[in-house]
Amino acid sequence: GLNFIDLMVRQGNIDNPPKTPLVPGFECSGIVEALGDSVKGFEIGDRVMAFVNYNAWAEVVCTPVEFVYKIPDDMSFSEAAAFPMNFVTAYMMLFEVANLREGMSVLVHSAGGGVGQAVAQLCSTVPNVTVFGTASSFKHEAIKDSVTHLFDRNADYVQEVKRISTDGVDIVLDCLCGENTGKGLSLLKPLGTYILYGSSNMVTGETKSFFSFAKSWWQVEKVNPIKLYEENKVIAGFSLLNLLFKQNRGGLVKGVMDKLLNLYTSKKIKPVVDSLWALEEVKEAMQRIHDRGNIGKLILDVEKAPTPLVS
């Protein structure tokens, strides 16, 4: 699976980037080729998907058993490679952090991306949840049925949301990193939750550094704890990779994956795959993410031959 975080890694836009040489990638699907001596519950030949702490873009991948999950019989390998990061992130933000319940409203940015589509599908499993989404206008036709109200990502969505819901929304999911923080907090209802989970605005040019990112944060209107207290608002952050690989919450994530796979087998959710790319085409695939051209997930397929270039 290709994720926005991979673009940030490539551009050095993360704190403490790993030393090169480096194989990127944090999720994959495939067939079990070998097992460690003490591994239980899996056999050689099993179809699986997995989280990996780097090195996922490869023909052979090694990862601890706690990050590996069996693929349902009717799920394809490309769907499985599109599943873990997006759906676990969306599920944990909505249900573990923000406590989504019947009748609530959610604002999600980048509604056409992998996480945005996962959020929309999971919201549809709860009665009467209203989803406000922002996306580039060329994606609207393709995703208009997945959200309740869709706005152009360049429009003044704050006024649009308030026109429809005068007192705002219960949950704001913000992957835009910083510049929308004030807007998001202003839209929150009392007892609402604002979650910062991504940083897609960090990636604009090739050279944008971690320091220019920190500077852009510094210029953001500061979050005032007293104001949060007075307005009864919650602000939170969510990083799935840190939860898995730095904070040792693999067991918690496994419980979430079990719930998600039940939703998949009961046909309540289904990963949206944008396109498949050969390993040799990774540059073009990354450009598609950079330009926000994708609807759903891009997949690197080790068995795919590169598409011949047309003159």
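This is a predicted model: local features need pLDDT of at least 70, side-chain atom pairs count only at pLDDT 80 or more; totals for chains, interfaces and linings use all residues.
**Helix 3, burial**

I began with helix 3, residues 84–97, and asked how many of its residues are buried. The count is 11 of 14, so I put the helix down as mostly covered. The buried ones are Pro84, Met85, Asn86, Phe87, Val88, Thr89, Ala90, Tyr91, Met92, Met93 and Leu94. After the helix comes asparagine 99, and I noted its positive phi, near 55°.

**Helix 3 against helix 4**

Next I looked up how helix 3 packs on helix 4, residues 114–123. I have the angle at about 50° and the axes 8 Å apart. Because of that angle I call helix 3 oblique to helix 4. The crossing of the two is right-handed.

Which residues meet there? From helix 3 I listed Asn86, Phe87, Thr89, Ala90, Tyr91, Met93, Leu94 and Phe95. On the helix 4 side they meet Gly114, Val115, Ala118, Val119, Gln121, Leu122 and Cys123. I sorted the residues of this contact by type: 11 are nonpolar, four are polar and none is charged.

**Cysteines**

I then searched for disulfides and found zero in the structure. Cysteine 28 is in none, and its nearest cysteine sulfur, on cysteine 62, is 11 Å away. Cysteine 28 has 14% relative accessibility, so I count it as buried. Cysteine 123, which I had already met in the contact with helix 3, is also in no disulfide. For cysteine 123 the nearest cysteine sulfur belongs to cysteine 175, at 14 Å. With a relative accessible area of 2%, cysteine 123 is buried.

Where is the cis peptide bond I noted? It joins threonine 20 and proline 21, with omega about -5°. Proline 21 sits in the loop between helix 1 (4–10) and strand 1 (27–31).

Leucine 191 is at 69%, over the 50% cut-off, so I have it as exposed.

Note on methods. Residues are numbered from 1 along each chain as its sequence is written. Side-chain values use heavy atoms; hydrogens and water are left out. Buried means under 20% relative accessible area, exposed over 50%, partly exposed in between (1.4 Å probe, protein chains only). Helices (H or I, at least four residues) and strands (E, at least two) are DSSP runs, numbered from the N terminus. Axes are lines fitted to C-alpha atoms, for helices over the stretch in contact, and angles run from 0 to 180 degrees between N-to-C directions. Angles under 35 degrees count as roughly parallel, over 145 as roughly antiparallel, 65 to 115 as roughly perpendicular and the rest as oblique. A crossing is left-handed if the near helix is turned anticlockwise from the far one by less than a right angle, and right-handed if clockwise. Contact means heavy atoms within 4.5 Å. Ala, Val, Leu, Ile, Met, Phe, Trp, Tyr, Cys and Pro count as nonpolar, Asp, Glu, Lys and Arg as charged, and the others, Gly among them, as polar. A disulfide is a pair of cysteine sulfur atoms within 2.5 Å.
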